[in-house]
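Here is my note on the model that you sent, written as numbered points so that you can check each one against the display below.

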Amino acid sequence: MPPLDPSRLVAWDRELRAVHARLRDALQVAREAVDDGTGAAVPSRDLLLFCTGFCAALDGHHRGEDGVVFPALLDAAPGLRDVLDHLVRDHAVLSHLLGELQRAVEVGHAAGSHDTVALHRHLEGIEAVMETHFRYEEKRLLPALADLVLDTTPRAALGPLA
């Protein structure tokens, strides 16, 4: 692991907001890939790549939170237990939705064509839960994150887009 940058250790609130912004961007790229992914095999591979990348990024973000950030927050602020439990339940819901999207993309890729309406429904459902989750998380955790000191890298704590 590279040496830790002390200036980053006190900026977890900003890191979280930045990762959320990157995840929103990745969702938009996946949505655009759905629109471009009809027909030829090359766009279908692009769709597979972008949707898989988005799913991996969001899932990686949540695994970092569940494994690193939330336990540290619970130690630092035990009063956040209910909030953290709520966020972990959201992570489970999003994991299920991401799995459904991934399956739909893989089925379409194997068949050589995608149901763009169904894929957009998957993405809209993910976006709705993701946005509600992000807003709640930022509202409830940013003050505690501003004071949190973690002995890890942003990537380990907040996933591959940190």
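1. Phe50 has its place in helix 3, which covers residues 41-76 (helices are DSSP runs of H or I with at least four residues, strands are runs of E with at least two, and both are numbered from the N terminus). With a relative accessibility of 34%, Phe50 counts as partly exposed, a class lying between buried, under 20% relative accessible area, and exposed, over 50%, with a 1.4 Å probe and protein chains only.

2. Before you read on, please note that this is a predicted model, in which local features need pLDDT of at least 70 and side-chain atom pairs count only at pLDDT 80 or more, while totals for chains, interfaces and linings use all residues. Residues are numbered from 1 along each chain as its sequence is written, and side-chain values use heavy atoms, with hydrogens and water left out.

3. The chain has six helices and zero strands, and 41% of its 162 residues count as buried.

4. Together with Val29 and Leu49, Phe50 forms a nonpolar patch on the surface, and the accessible area of the three comes to about 250 Å². Patch residues have over 30% relative accessible area and no salt bridge, and they are joined within 9 Å for like charges or within 5 Å for nonpolar side chains (Val, Leu, Ile, Met, Phe, Trp, Tyr); the areas come from the Shrake-Rupley method with a 1.4 Å probe, and for residues only the protein chains shown count as cover.

5. A negative surface patch is made up of Glu32, Asp35, Asp36 and Asp46, where Asp and Glu count as negative, Lys and Arg as positive, and His and the chain ends are not counted. The place of a charge is taken as CG of Asp, CD of Glu, NZ of Lys or CZ of Arg. Helix 2, residues 12-36, gives the most to this patch, with three residues, and Asp36, which belongs to helix 2, is exposed at a relative accessible area of 55%.

6. What lies inside? The largest nonpolar core has 39 residues, and among those with the most contacts inside it are Phe54, Leu58 and Leu145 (a core is a set of buried Ala, Val, Leu, Ile, Met, Phe, Trp, Tyr and Cys residues joined through side-chain atoms within 4.5 Å). Helix 3 supplies the largest share of this core, ten residues. In soluble globular proteins, nonpolar side chains tend to be buried together.

7. By the rule that a side-chain nitrogen of Lys or Arg must lie within 4 Å of a carboxyl oxygen of Asp or Glu, the count comes to five salt bridges. One of them joins Arg24 to Glu131, with the closest N and O atoms 2.7 Å apart; since Arg24 lies in helix 2 and Glu131 in helix 5, the pair ties together parts that are 107 residues apart in sequence. Arg24 is partly exposed at 29%, whereas Glu131 is buried at 17%.

8. Glu127 and Arg31 form a salt bridge too, their closest N and O atoms being 3.1 Å apart. Glu127 is in helix 5 and Arg31 in helix 2, so this pair ties together parts that are 96 residues apart in sequence.

9. Asp59 and Arg63 meet in a salt bridge at 2.9 Å, N to O, and, being four residues apart in helix 3, they are separated by about one helical turn.
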